[in-house]
Amino acid sequence: MSQPIAPERTQPAAGRTRGQQALHEMLASNWLATVLAVVLALVLSGVLIAAADKAVQETATYLFARPGDFFGAVWTSVSSAYVALFQGSIVDTSASTLTRMIRPITETMTVSIPLIFAGLGLGIGFRAGLFNIGAQGQIILGAVFAGYVGFTFDLPPVVHVVLAVVAAAIGGGLWAGIAGVLKARTGANEVIVTIMLNNIAVYLVAFLLTTTAFQRGDSNNPISPPLNSNSLFPLLLGSGFRLHAGFLLALATAVGVWWLMNRSTIGFQFRAVGSNPNAARVAGISVNAAYVWVMVVAGALAGLGGAAQVLGTEKVLTAGVAASFGFDAITVALLGRSKPLGTVLAGLLFGALRAGGFAMQARTGTPIDIVLVVQSLIVLFIAAPPLVRALFRLPAAGTEPPVLAVSPSVKEVGL
Amino acid sequence: MKLELRGITKRFGSLVANDHIDLVVESGEIHALLGENGAGKSTLMNVLYGFYDPDDGEILIDDTAVNFDGPGDAMAAGIGMVHQHFMLVPVFTVAENVVLGHEPVRGGGLIDLTEARRRVREISDRFGFDVDPDAKIEDLTVGAQQRVEIIKALSREARVLILDEPTAVLTPQETDELIGIMRQLRDSGTSIVFITHKLREVRAVADRITVIRRGKVVGSASPSAPETELASLMVGRSVDLGVDKAPAQPGEVGLAVRDLTVLDALGVRQLDGISFDVARGEILAIAGVQGNGQTELTEVILGLQKPVVGSVQLDGLELIGRTVKEVLNAGVGFVPEDRTEDGLVADFSIAENLILDRYDQPPFAKGFSLYPSQVRTNAEKRTVEFDVRTGSVDAFASTLSGGNQQKVVLAREMSRPLRLLVASQPTRGLDVGSIEFVHSRIVAERDNGTPVLIVSTELDEVLALADRIVVMYRGQIVGIVPGGTDRDVLGLMMAGVPLVEAREQAAAHHTALGDADIATEEDNS
Amino acid sequence: MSTVVEAPTASSGPQSPRSGAVLAPISWKAPIAYAVVAVIALIGFVVVAPKGLETTFTVSTSSDFFQIAPITVPSTATALLLCLVALVLAGVSFWATRSRRKVGVWLPSVYGVALVLAFLTWSAAGKDSALPLTGLLQGSLFLAVPLVFGALAGLLCERSGIINIAIEGQLLAGAFLAAVVASITHSAYAGLVAAPIAGALVGLLLVLFSIRYMVDQIIVGVVLNVLVIGVTSYLFSTVLKVDAATFNSPPKLPVIGIPVLSQIPIIGPVLFRQTVLVYVMYVVVAVLQVMVFRSRWGLRLRAVGEHPKAADTVGIKVNLTRMKSTVLGGAVAGLGGAFFTVAAGLAFGKEMAGGKGYIALAAMILGRWSPAGALAAALLFGFSDNLRVVLGIVGTPIPSQIMLMTPYVVTIFAVAGVVGRVRAPASEGIPYVK
């Protein structure tokens with residue numbers, strides 16, 4: 001066959017007014033698709049919430065006799081869950097003091113810190129064509145390194161926390177670097193290697209917490225000594241809130257990542273390797289070196305997420321220090337389309353879902369697991385814009401940037 | 001079997017690939033479909049083969065309208081196709097490939113391999129192919145793979161056989177064999193649709209010729225029509241197949257290649273003791289059928305592959321052992337053979353693509369910082385200079401046509417002082433206008449005193465550009481001959497016949513293609 | 001021991017080598033790895049090990065035809081012998097590499113068995129309780145069940161060109177539905193029937209997003225895993241936990257001993273005293289091994305995964321084939337999920353697949369996309385998993401966390417090419433568009 005003939009872009013139909021054109025563009029935009037994806041995910045999750053509600057189940061038995069009862073019960077169950085979610089993540093409108101009112105939003109910000117850090121790292125990997133599934137392990141290693149520096153040494157203020165943060169970046173970077181080096185040297189698929197490294201990290205931290213170097217002497221529990229206070233992130237809003245300086249560091253890092261990817265020669269390399277490794281190689285870019293550095297940078301960023309956990313939020317190293325932030329960060333990076341600003345916003349959204357999820361569980365008894373459903377549905381809908389458009393009967397986008405389309409690296413070494 | 005296409009139209013978005021095409025293929029004839037790359041030939045055949053749905057028009061077999069819902073239907077109707085890029089599964093055996101889709105089965109859905117082998121042998125023997133049914137496709141030569149494709153079509157009792165650019169990957173001698181097979185098939189009653197853009201082959205074998213241009217049938221011709229007439233019909237204006245260039249004025253040696261030997265992962269020699277020089281102000285062309293070591297040669301020069309032994313010196317500087325970056329910085333411009341695969345980053349802007357190999361050098365960068373305004377200024381200058389037709393330098397490279405993409409690659413590689421230009425397949429898939437532009441830029445670079453190394457599988461291009469020609473076969477140099485050497489001699493050399501023998505043979509026999517040439521000369525006289 | 005397989009094949013290529021001594025550089029990676037590991041084992045298990053101890057293995061169970069007395073061996077001497085066997089094999093590997101010969105799969109197999117036995121001898125040296133070899137193998141097979149089904153699921157999808165990262169989710173969905181259906185119907189077999197349906201549904205979602213919306217298959221897989229964890233955990237908290245008696249108390253599949261066969265010492269109890277799920281597994285592995293490589297269905301499946309366009313041009317519906325095989329794969333993984341609940345006799349718990357889906361993926365790769373290979377690799381992982389349990393009882397110098405890491409470390413070495421290059425189906429992960 002000769003060259004496949006590229007379908008030309010559909011030009012906007014002639015004869016439209018400027019206003020119609022603008023409306024068309026807005027409807028076809030990714031921004032709208034994103035909002036609709038979130039709405040759709042909340043609606044579908046609402047179905048699950050309603051289905052598990054006692055009142056809904058009872059009214060369903062006489063649905064045809066008194067449908068009003070049923071729909072009333074559905075509305076009550078879903079709306080109370082989502083109101084609780086909102087109150088637990090943004091502003092608690094039912095609270096009596098200002099502190100209590102604004103605490104939810106600060107919790108959201110606190111929870112979002114590791115998500116933003118790890119999401120930024122994963123985003124760099126995705127743009128460089130690497131499927132790094134290993135943020136979980138990288139967060140753990142970051143936390144291990146930061147924690148060790150934090151509770152072992154006794155250093156002056158500022159110096160100690162800076163050193164602990166640097167150690168976290170090194171820990172995460174080294175851990176991810178293993179996958180980078182193996183990819184570069186042997187072509188080992190980074191998806192498999194990072195998944196395996198996640199599991200190894202889980203057992204590694206569990207093992208370390210049984211050793212004398214890491215385990216606190218006064219109990220048998222797998223928990224480290226409390227961190228030295230000089231190694232902790234300063235609190236931003238005083239002792240009444242958990243929000244700490246890690247949040248500011250995360251925002252600054254996002255700006256740094258933007259510069260790195262869009263305004264530096266390193267980012268140019270990373271993007272070139274991600275889009276077309278062959279052309280990059282022919283243009284004199286060392287693709288293998290780029291793979292290693294992408295992984296190291298991504299791991300270092302995820303490691304900072306670990307630092308935020310151990311130096312700011314938890315103040316102690318446990319086996320569960322990473323929670324499931326590393327896996328959630330994958331969805332954060334995907335939702336944020338691997339761009340820094342998008343990742344920050346997606347991190348805040350998922351942070352809100354998680355922070356609010358606890359409040360929702362406490363107040364309405366809706367299990368926090370529903371948050372996982374919401375998150376995954378959002379990403380599925382984001383990944384398939386035609387599905388959302390079809391459901392809402394929107395016009396097709398002029399050009400759909402292939403955000404989540406197949407990356408070239410997948411082709412090279414199979415799974 | 002008579003095959004007729006009426007008013008076939010196929011659109012991709014706003015592009016009309018086939019515009020009301022009518023075509024009649026009579027029983028037992030070789031019907032050539034002639035057209036440039038991108039004229040819509042392959043699209044038409046994919047419609048005929050049931051691979052694409054036509055937007056309009058109908059297909060008739062023996063005057064009855066048929067409707068194909070997928071290639072399976074077309075095959076059932078007796079239409080077989082040999083694709084330009086072979087549709088063979090590389091890890092399967094010949095027999096498995098031949099029976100795929102209509103497998104003989106024993107109980108339990110297990111494949112009857114004995115029957116499968118028998119089918120292969122039966123057809124293979126009938127046409128004198130030497131094909132082992134149990135060989136794996138990936139171990140076969142290109143010519144053998146093509147024969148497997150033909151067996152595959154015939155085993156489905158194809159009565160119309162479509163051959164899509166079948167000679168692109170063959171040596172002239174293999175092409176001759178194929179022409180023999182085509183005649184044999186025709187004589188046994190099979191109709192053949194022969195798709196090509198090579199005028200000489202059409203004239204050698206076709207019974208009738210239909211020419212298409214820009215998706216439309218622009219005329220038909222008899223095989224005896226002169227080559228220039230066919231060419232102008234094909235491209236829409238009278239064309240001069242040559243390039244205007246002054247005689248070369250070679251200076252001292254710029255590039256010196258000595259004893260290069262390259263092995264692949266299995267230890268097979270891809271390059272075997274290659275030595276040659278390129279002088280400043282000279283175009284040296286590497287001629288040969290694809291896959292005879294040309295790719296490896298350019299990749300070794302650029303530093304993408306390491307030779308086992310040998311040296312490559314540029315103005316006395318050893319390039320072997322250096323990284324690609326160091327080689328590029330030594331003043332080597334490189335135009336890769338596959339621009340979309342190796343030359344451009346599709347979702348980078350045109351401006352970014354124009355600095356792909358100099359993104360970290362002044363004025364585009366200082367330290368780790370990029371200077372977007374400099375990148376842009378450069379892009380605006382180069383797109384004007386190289387006539388890249390685009391709305392904006394910020395547009396993705398993927399939005400450009402093939403010709404404009406190639407101009408971007410050339411603009412990048414030729415916009416700095418060069419000490420060597422290496423260009424592989426510089427005009428593959430381009431329209432005639434772009435070819436002329438690219439050729440003139442290459443000649444201009446030579447006239448600047450740069451040594452130029454061209455790798456091309458198109459004899460026309462080699463003859464148009466080269467001051468000297470190196471013919472490669474199976475990783476070795478068969479001979480180095482002056483530009484303008486006789487086509488038949490080059491053709492024989494491309495099949496591995498040494499220069500002296502090639503001259504004797506060319507004088508003694510005429511190849512099938514040579515006969516066609518002579519026929520033209522007789523017509524003209 | 002001259003079981004060298006093939007003569008060098010370099011000369012059979014289209015280019016016969018001409019005179020001259022230039023040959024491809026030899027890769028010494030494999031023999032060096034063999035030798036280094038064997039030497040480390042020799043030092044660890046023999047040189048620095050405490051001397052004068054004995055190790056006891058038991059091999060019989062009470063219901064066998066005839067009883068074999070427990071075997072007691074001198075620990076150090078036995079470990080020395082086994083390590084020497086490994087060293088000799090490393091030597092064979094050096095010789096084979098040097099003379100450019102290929103060795104069969106027997107070498108790594110025998111090498112591995114020797115070192116594992118050396119390790120066991122060392123671990124259980126001087127312990128009061130004997131090391132139950134039969135129990136070790138029986139448990140290995142048991143723990144390998146979800147891995148085998150998962151790996152077969154991955155294989156079915158990937159052979160057709162769809163990457164299945166969602167095995168984890170399919171196992172979990174299968175485990176969930178099996179538990180619920182078995183509880184409601186009070187029949188473990190009903191649960192076994194329901195499990196594949198849940199897995200197939202996840203497979204359907206995977207293929208829908210991969211084919212219809214052309215979303216990257218790795219992304220869909222990862223996200224589907226999260227979705228299944230979310231949905232099953234949510235339903236667990238809201239429904240299963242609330243009324244566990246009705247919804248989450250699945251009966252256990254009975255162990256069925258095959259008459260006669262199950263009384264053969266060692267292999268009898270290991271292979272033929274199992275639940276019906278294990279017998280189904282034997283059948284599925286055997287059938288797939290034949291069907292994938294020998295049948296019309298298998299030929300078409302592989303053609304679609306290797307060169308979809310070639311398949312399309314001979315009239316094979318590419319996306320339909322992919323859809324069918326991915327749904328079938330999902331069903332197979334779902335069936336494997338039944339292991340966690342009805343076969344193990346456990347109630348459903350949150351995230352109870354515990355990463356087995358990812359290990360299954362690794363088993364598929366180690367097994368080089370073949371059913372028999374997947375079975376072997378899954379057994380290897382099951383063995384190392386069970387070894388930890390058994391050694392935990394017998395008592396071992398190695399911390400359990402390190403033991404737990406082993407399969408993952410082995411997988412990394414495997415994908416890094418230490419056990420030889422593996423070749424994935426050429427078109428996997430790439431959506432097919434005409």
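How many helices and strands are there in chain C? Chain C has 17 helices and five strands. Let me start with that chain, and then move on to its partners. One caution before we go on: this is a predicted model.

Chain C, then. The chain has 434 residues, and a compact globule of that length would have a radius of gyration near 22 Å. Chain C comes out at 24 Å, which agrees. Along its principal axes, the C-alpha trace spans about 65 × 60 × 40 Å. Of the 434 residues, 52% count as buried.

How do the contacts run along the sequence? Take the contacts in chain C with a separation of 6 or more. Residues 24 or more positions apart account for 78% of them.

Chain C is also divided into domains. Domain 1 covers 26–128, and domain 2 covers 135–371. Their C-alpha centres lie 34 Å apart.

One helix to look at here is H13 of chain C, residues 318–337. H13(C) has 20 residues. From first C-alpha to last, H13(C) reaches 28 Å, close to the 28 Å expected at 1.5 Å a residue. Is H13(C) mostly covered or mostly open? Mostly covered: 18 of its 20 residues are buried.

Now, where chain C meets chain A. The contact takes 44 residues from chain C and 45 residues from chain A. On the chain C side, three helices each supply at least two residues: H7 (217–240), H15 (356–366) and H17 (400–415). Which of them gives the largest share? That is H7(C), with 14 residues. As for residue types, this side of chain C divides into 32 nonpolar, nine polar and three charged.

On to chain A itself. Chain A comes to 17 helices and zero strands. Of its 415 residues, 55% count as buried. Look at contacts between residues at least 6 apart in sequence: in chain A, 74% of these join residues at least 24 apart.

How confident is the predictor here? Chain A averages a pLDDT of 87, and 88% of the residues score at least 70. Two stretches need care. Over residues 1–16 of chain A, pLDDT stays under 50. The model still has 31 contacts beyond four places in sequence for that stretch. Over residues 398–415 of chain A, pLDDT again stays under 50, and here the model has 42 such contacts beyond four places in sequence. Where pLDDT is low, the predicted coordinates should not be read in detail.

Chain A also touches chain B. Here, 21 residues of chain A are in contact with 39 residues of chain B. Helix H10 (265–275) and helix H11 (277–282) of chain A each supply at least two residues of the chain A side. The largest share of that side, five residues, comes from H10(A). By type, the chain A side divides into nine nonpolar, nine polar and three charged.

That leaves chain B. There are 19 helices and 22 strands in chain B. Its radius of gyration is 25 Å, close to the 24 Å that the globule rule gives for 525 residues, so chain B is as compact as a globular protein of that length. The C-alpha trace of chain B spans about 70 × 65 × 50 Å along its principal axes. Buried residues make up 51% of the 525. And among chain B contacts between residues at least 6 apart in sequence, 66% join residues at least 24 apart.

Notes:
Residues numbered from 1 in each chain as written. Chains lettered and ligands numbered in written order. Predicted model: local features only at pLDDT ≥ 70, side-chain atom pairs only at ≥ 80, totals over all residues. Contact = placed C-beta atoms within 7 Å. Helix = DSSP H or I, 4+ residues; strand = E, 2+ residues; numbered from the N terminus. Nonpolar A, V, L, I, M, F, W, Y, C, P; charged D, E, K, R; others polar. Buried ≥ 20, exposed ≤ 12 C-beta atoms within 10 Å, placed from the backbone. pLDDT = per-residue confidence, 0-100. Expected span 1.5 Å × (residues − 1). Domains from an automatic or database assignment. Rg over C-alpha atoms; globule rule 2.2 N^0.38 Å.
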